[in-house]
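Q: I'd like to look through a protein model with you, one piece at a time. Can we start with a single residue and then zoom out?

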Amino acid sequence: MNPRAAKALSAMGKLGISPETVKPVLKNLFKLYNRNWELIEDDNYRTLADAIFEVQEEKLTAEKKEVRINEGSGASFKKPPSGGVPEDQVSSTTSGVQKGSSGTRIVESSSASANPTNEPRCFATDEAPSGSKRKKPVQENRFADEGNSSAQPKRRALRLVDESDDSDEGNRKAIVLWEKQPEENSPIFAIPTSPIPKASEKASYKIKKNDITNGTEKIKISLVGQTSSNEDLPRFVYSPENTIYESAYLHISLARIADDDCCSDCIGDCVSSSIPCACARDTGGEFAYTQDGLLCEKFLDACISMKVSEEKHYKFYCQDCPFERAKSAHMPEKCKGHLSRKFIKECWRKCGCNMQCANRVVQRGITRKLQVFLTGNDKGWGLRALEELPKGAFVCEYIGEILTNIELYERNQKNIGRDKHVYPVLLDADWATEGVLKDEEALCLDATYFGNVARFINHRCFDGNLLDIPVQVETPDRHYYHVAFFTKRKVEALEELTWDYLIDFNDESHPVEAFECRCGSKYCRDVKGKRKV
């Protein structure tokens with residue numbers, strides 16, 4: 001037997017799933033994924049387990065349908081599968097014990113004291129009691145009391161109880177799944193309203209490209225589409241780094257980096273040193289990263305606050321705004337303001353530390369397992385992680401062509417009604433210190449024709465799970481910098497990655513026409529919702 005197949009059977013066996021059940025599903029999955037074992041093995045064979053659960057669901061649905069047909073024809077009631085009655089006959093009482101369909105019982109409780117650690121909800125994927133039959137993870141419900149405004153958010157516990165355990169009622173092993181309602185005043189860290197894709201949704205995907213990066217990244221990133229969809233593949237050139245289109249001014253040289261703007265005397269890892277080096281000066285004398293390569297929570301929270309509460313932070317207003325000047329050179333409108341953002345300064349080539357220094361995160365490129373997928377909810381293509389991402393993790397950089405604002409405006413005017421445009425990123429995070437910018441220094445990034453996976457990250461008003469942060473690497477001129485995406489909170493595997501474009505849906509003068517927002521957030525700013533895509 002193939003060693004990888006044997007490992008898959010062993011992994012499912014630990015969950016109580018027999019080889020006879022696994023083999024036909026594994027065979028179909030292997031064929032569906034074009035013999036790509038990596039996609040099957042990802043996240044402890046989660047895709048395989050979900051596919052097995054879906055097959056079992058389909059069998060149960062077929063049995064239920066047969067029962068209904070028999071009842072309608074006056075036939076005797078068919079005996080349900082061993083272990084319980086069909087799910088549609090289970091009572092929905094809010095605090096009690098009911099028989100499940102696989103030798104399990106689901107117990108609900110509204111008590112908040114049962115989990116004194118106040119941990120967020122989790123999935124019962126790998127904690128099944130030893131020797132028990134595998135339990136299907138309970139489909140997470142939405143918040144029980146959406147309108148509750150009390151100080152203590154209500155939570156509900158769902159327990160999977162192992163009926164195959166012969167011990168006493170009170171001693172049977174259980175897996176507790178917690179749900180927590182986000183506090184009304186903390187939308188930044190709220191759990192998104194869009195659920196993680198269900199098994200049935202994932203099972204309908206097929207790989208259309210094994211590596212959308214064409215080998216340009218250190219890690220392969222697959223592209224999957226739905227079997228029932230004829231959505232065209234995105235047409236663009238994949239690029240792992242930003243490229244000047246034509247007129248943008250960008251001067252990179254070692255001579256322009258002053259000695260006090262680098263750490264030439266450092267050795268090894270700067271972050272592990274007891275005394276922060278010169279590269280930490282811009283972040284208040286403390287590094288933005290931890291030794292694990294994550295953003296420090298204090299720095300991350302400060303960056304989030306600047307994005308969601310712009311009115312509380314400093315905005316710079318140009319006397320002669322390059323952005324407005326690009327739209328109308330003769331009669332430019334008044335500057336609408338540019339938020340002065342916090343920057344991360346990474347070590348670079350003139351620094352003495354090595355490439356494993358924890359202050360070199362963005363420049364090392366993508367290291368997380370990502371996948372481009374068809375969302376199936378009118379948002380087109382999207383990006384998701386194939387692994388759980390901790391809070392403050394670097395996901396990817398926004399890559400595109402480096403354009404002047406005038407070039408972007410002219411490009412958009414030519415493409416009106418033709419190409420579907422990717423929303424550009426204006427590099428205005430430090431215009432306050434740049435003085436009066438020339439047209440070739442007022443830059444932006446456009447990923448429509450040249451870009452990386454970041455071009456697929458969909459917009460979500462206010463509570464997206466990603467945050468864009470300016471990062472200075474190879475040049476002290478901050479009219480150009482890198483735009484890096486970090487997680488605002490823990491992100492579950494297969495959860496779509498989103499960020500807030502900060503679109504003003506009422507601004508009809510923006511170079512790119514605002515789209516009809518389909519983010520699904522309860523904080524959605526597109527109140528009209530009648531704009532054309």
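Q: Is Asp500 buried or exposed?
A: Asp500 counts as buried, because its relative accessible area is 10%, where buried means under 20%, exposed means over 50% and partly exposed is in between, using a 1.4 Å probe and protein chains only. Please keep in mind that this is a predicted model, in which local features need pLDDT of at least 70 and side-chain atom pairs count only at pLDDT 80 or more, while totals for chains, interfaces and linings use all residues. Residues are numbered from 1 along each chain as its sequence is written, and side-chain values use heavy atoms, with hydrogens and water left out.

Q: Where does Asp500 lie?
A: Asp500 lies in the segment that comes after strand S22, which spans 496-499. Helices (H or I, at least four residues) and strands (E, at least two) are DSSP runs, numbered from the N terminus.

Q: And which side chain does the side chain of Asp500 make a polar contact with?
A: That partner is the side chain of Arg525, at 2.8 Å. A polar contact is a pair of N or O atoms within 3.5 Å; within protein, one must be able to donate a hydrogen and the other to accept it, and residues adjacent in sequence count only if both atoms are side-chain atoms. A polar atom of the Asp500 side chain also lies 2.9 Å from the backbone nitrogen of Phe462.

Q: What else is Asp500 in contact with?
A: With neighbours within four places in sequence left aside, Asp500 is in contact with residues including Lys307, His459, Arg460 and Cys461, where contact means heavy atoms within 4.5 Å.

Q: What about Thr498, which strand is it in?
A: Thr498 is in strand S22, and it counts as buried because its relative accessibility is 6%. Among the residues it touches, not counting those up to four places away in sequence, are Ile457, Arg460 and Leu466.

Q: Okay, changing topic: where is Val395 found?
A: Val395 belongs to strand S14, residues 394-397, and it is buried, with a relative accessible area of 0%. Beyond its neighbours within four places in sequence, the contacts of Val395 include Ile366, Leu466 and Phe485.

Q: Which strands form the open sheet with S15?
A: The sheet has 4 strands in the order S8-S15-S17-S16, with mixed pairing; two strands pair if DSSP finds at least two bridges between them. The edge strands are S8 and S16 (425-426), each pairing on one side only.

Q: How many bridges join S15 to S17?
A: There are 4 bridges between S15 and S17 (residues 443-446), and these strands run antiparallel, with Glu401 opposite Asp446. On the S8 side, 2 bridges join S15 to S8 (residues 243-244) in a parallel arrangement, and Ile244 stands opposite Ile402.

Q: Which residues of S15 are buried on each side?
A: In S15 (residues 401-404), Glu401 and Leu403 are buried on one side, and Ile402 and Thr404 are buried on the other, so both faces are covered. In a regular strand, side chains alternate between the two faces of the sheet.

Q: Which helix lies across S15?
A: Helix H7, residues 405-414, lies across S15, S16 and S17, and runs at about 95 degrees to S15. Axes are lines fitted to C-alpha atoms, for helices over the stretch in contact, and angles run from 0 to 180 degrees between N-to-C directions.

Q: Zooming out, how many helices and strands has the protein?
A: The protein has 7 helices and 22 strands, and 49% of its 533 residues count as buried.
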